[in-house]
Amino acid sequence: MKTIGYAAESVNAPLAPFHFERRKLRADDVAIEILYCGVCHSDLHNVRNDWGMAAFPLVPGHEIVGRVIEVGPNVQRYKMGDNVAVGCLVDSCQTCEQCEQGHEQYCRNGFTMTYASPDPISGGMTYGGYSRHIVVREKFVLSVPAGLDLARAAPILCAGITTFSPLRTWGVTAGSRVAVIGLGGLGHMAVKLANAMGAKVTVISRSADKQDAAKMLGAEQLLAASDSSAMQQAAASFDLIIDTVPVKHDINPYLPLLDVDGTLVLVGQLGPLEEPLTMPMIFGRRRIAGSLIGGLPETQEVLDFCATHNILPECEMIRMDEINAAFERLAAGDISRRFVIDMASLQDY
Ligand SMILES: [Zn+2]
Ligand SMILES: [Zn+2]
C-alpha cells in the first residue's frame, strides 16, 4: 500500500514529506487510515537520536487514532469503519511469560516499536504514525470506546498509558497521596488520571506559575521546587511520586518528600540522572523505580477508563507541515498540552 508521511532523513534534519509503502495485508493484519497522531517528546528525542536507537529515514509517531479501512481474513475483533488506536508497540513474541500476561512492553524476546524498530515481518525499520496509513497486527490494535473524542484521544496511547500503568502498579486509590513532577504531556495526564482514581494530587513544578493550570487539571495544590520552606514542610507526605521530566535532572530534592515505603517512579528520562543520594532511601525505605508504557490489555483499560471518567488530554491541533515549529516549541518547553497532528492536512500531497 502506497502512503505518505513525514520523515527526518537524517539526525536533526527537519521533517519533510516522505513517500513509502506499507506492507501487504497479512491474514491477521488491520489496515488503518490515520486520522490523528499525538506528538510525544520521544519523537523529538529520536529525531535527535538522543537515545542512540534512531534509524533514518525516521517517521515518528506512536499515539495513533484512526479508522479501519481493510482487515485480513483472520481478523476477529475489527471491521471496516471501526475507530481504532495504535500505541508504542506493534509486535512482540507472544510466547514468553511476559507476553502471556499481557506485559508485551517487557517481552523477553524484544518487542517491535511502532517506529524506528527492526521490523521482523517486512524487514527494514518500522515507520510510525506521522503518516496517512498504517498496517498493524490485530493483537496490537486497540479499540477506541464510543464517546471518546477521536480528535483528543491520541495522547492517551503514550502519555496516558505511561502514567496510568505506574498509578495501577503502585495501587493508587481513593486517598492516595500522589505527586507529579512536570506538567507537560505525561504530567498533565498523570494529574487527570490520579485525580479520577480519587487520589490527592500535588503538582511539583520549578515555580508557582503553573498553579492555576495544575488546579484546573484536578490537582489540590502546586508545590514549587524553588520554595525551600514549602519543600521542607512537604517532607514525608507522598506515597507515590511520578517523575515525568524527560531530561537529565536531580531527584535528590524529591526523595525526602516520600513517606516511608514511598516510591519515586521515573517515566520520562531514559539515561543518566544527577547522582542520587542514598541517605533518604535508606532512612525511610524509599524506592526509586522506573516504568515503561504498558501492555496491550492495560492500554485498552486506560482508553476505557478515560471514556468512563470523561478524561481527555489537553490538545493543541496542528497541521502536518507545522511539525518542525511544534518540535521547536516542545524543545523549549513552550507547551503545557499535547500537540496532535490532524492527518487530514496530509491530503494536500
Ligand atoms: Zn511517547
Ligand atoms: Zn514475549
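## A buried aspartate and its histidine partner

Let's start with one side-chain pairing: Asp 243 and His 249 make a polar contact through their side chains, at 2.6 Å. Bear in mind that this comes from a predicted model. Asp 243 belongs to strand 13, which covers residues 238-243.

Is Asp 243 buried or exposed? Asp 243 is buried, and yet it has no salt bridge. The nearest side chain of opposite charge belongs to Arg 206, and that one is 11 Å away. Setting aside neighbours within four places in sequence, the residues in contact with Asp 243 include Ile 181, Ile 251, Leu 264, Val 265, Leu 266 and Val 267. His 249 and Gly 268 are on that contact list too.

## A valine with no exposed area

Next up is Val 203, found in strand 11 (residues 200-205). Its relative accessible area is 0%, so Val 203 counts as buried. Who does Val 203 touch, once residues up to four places away in sequence are left out? Among them are Val 180, Leu 183, Val 191, Leu 222 and Leu 223. Ala 214, Ala 219 and Gln 221 also touch Val 203.

For a sense of distance, take Ile 4, which sits 199 residues from Val 203 along the chain. The C-alpha atoms of these two residues are separated by 40 Å.

Cys 93 is partly exposed, with a relative accessible area of 23%, whereas Cys 99 counts as buried at 5% relative accessibility.

## Salt bridges across the chain

How many salt bridges are there? The count comes to 21. One of them pairs Arg 77 with Glu 138, with their closest N and O atoms 3.7 Å apart. Arg 77 lies in the loop between strand 4 (64-71) and strand 5 (83-86), and Glu 138 in the loop between strand 8 (133-137) and strand 9 (142-143), so this pair ties together parts that are 61 residues apart in sequence. Arg 77 is partly exposed, at 49% relative accessible area, while Glu 138 counts as buried at 9%.

Another salt bridge joins Asp 91 to Arg 137, where the closest N and O atoms are 2.4 Å apart. This pair links distant parts of the chain, with Asp 91 in strand 6 (residues 89-91) and Arg 137 in strand 8, 46 residues apart. Both Asp 91 and Arg 137 are buried.

## One more pair, and a network

Arg 108 and Glu 97 form a salt bridge too, and their closest N and O atoms are 2.6 Å apart. Glu 97 is in helix 2 (97-100), and Arg 108 is in the loop between that helix and strand 7 (112-113), 11 residues apart. Arg 108 is exposed, with a relative accessible area of 56%, but Glu 97 is partly exposed at 34%.

Some salt bridges share partners. That is how Arg 23, Arg 26, Asp 28, Asp 29, Asp 91 and Arg 137 are joined into one network.

Key: Residues numbered from 1 in each chain as written. Chains lettered and ligands numbered in written order. Predicted model: local features only at pLDDT ≥ 70, side-chain atom pairs only at ≥ 80, totals over all residues. Heavy atoms only, no water. Salt bridge = Lys/Arg side-chain N within 4 Å of Asp/Glu carboxyl O. Helix = DSSP H or I, 4+ residues; strand = E, 2+ residues; numbered from the N terminus. Buried < 20%, exposed > 50% of the residue type's maximum accessible area, 1.4 Å probe, protein only. Lys, Arg positive; Asp, Glu negative; His and termini not counted. Polar contact = N/O pair within 3.5 Å; in protein donor to acceptor, adjacent residues only side chain to side chain. Contact = heavy atoms within 4.5 Å.
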